[in-house]
Amino acid sequence: MAARLQPGSPAPDFALPDARGRTVSLADHRGQRVVVYFYPKASTPGCTTQACDFRDSLARFAADGFAVLGISPDRPEAIARFAEEESLTFPLLSDADHRVAEAYGAWGEKKNYGKTYEGLVRSTVVVGPAGEVELAQYNVRATGHVAKLRRDLGLEG
């Protein structure tokens with residue numbers, strides 16, 4: 001299991017391709033608070049629920065000064081389909097070799113139906129304007145996560 005990030009520590013920088021193949025980096029958002037959330041697989045029920053919750057809350061996050069970035073091990077083509085099917089208007093990034101997920105502590109041992117394997121652990125890290133970790137949450141639930149995150153950040157609703 002990769003080491004989990006702690007508040008106050010520097011957030012690992014990254015540069016990943018988005019759904020259109022353009023490179024998006026954490027440094028692009030310096031000076032702004034950023035919600036970086038890791039989801040296991042595009043177009044699956046839980047990941048769709050979570051992505052649509054972020055989509056539906058995007059205007060409120062933006063009004064509160066936050067950008068939202070979703071990261072999964074899916075290839076750009078898969079996240080492009082997912083973004084189009086669900087009308088997702090925030091960047092989804094491809095971490096196919098899961099290096100960024102590992103750096104963020106979002107890659108590790110998982111159990112499903114009695115099997116143990118390595119995979120992406122649904123996680124959210126909030127990065128502050130100077131690049132420091134403000135909040136790190138691991139093994140989050142897809143349903144209700146966005147509302148809980150907003151409460152944990154002290155944001156209304």
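The count comes to 7 salt bridges, a salt bridge being a side-chain nitrogen of Lys or Arg within 4 Å of a carboxyl oxygen of Asp or Glu. This is a predicted model, in which local features need pLDDT of at least 70 and side-chain atom pairs count only at pLDDT 80 or more, while totals for chains, interfaces and linings use all residues. Residues are numbered from 1 along each chain as its sequence is written, and side-chain values use heavy atoms, with hydrogens and water left out. Helices (H or I, at least four residues) and strands (E, at least two) are DSSP runs, numbered from the N terminus. Buried means under 20% relative accessible area, exposed over 50%, and partly exposed in between (1.4 Å probe, protein chains only).

**Salt bridges**

- Lys41 and Asp74 are joined through their side chains by a salt bridge at 3.9 Å, N to O. This pair links distant parts of the chain, 33 residues apart: Lys41 sits in the loop between β3 and α1, and Asp74 in the loop between β4 (66-72) and α2 (76-86).
- Lys41 is partly exposed at 47% relative accessibility, whereas Asp74 is buried at 8%.
- Arg55 bridges to Asp56, with 2.8 Å between the closest N and O atoms. Arg55 is partly exposed, its relative accessible area being 25%, and Asp56 is exposed at 53%.
- Asp97 and Arg99 form a salt bridge at 2.7 Å, N to O. Asp97 is partly exposed at 40%, and Arg99 is exposed at 57%.

- Asp95 is located in the loop between β5 (92-94) and α3 (99-103).
- Asp95 is buried but has no salt bridge; Arg99, the nearest side chain of opposite charge, is 5.8 Å away. For charge, Lys and Arg count as positive and Asp and Glu as negative, with His and the chain ends not counted.
- Leaving out residues up to four places away in sequence, Asp95 is in contact with Leu16, Ile71, Ser72, Pro73, Asp74, Val100 and Ala101; contact means heavy atoms within 4.5 Å.

- Most residues other than glycine have a negative phi.
- Ser43, which is not a glycine, has a positive phi of about 65 degrees. Ser43 belongs to the loop between β3 (33-38) and α1 (45-63) and is partly exposed, with a relative accessible area of 41%.
- Asn139 likewise has a positive phi, near 55 degrees. Asn139 is placed in the loop between β9 (133-138) and α4 (145-152) and is exposed at 52% relative accessible area.
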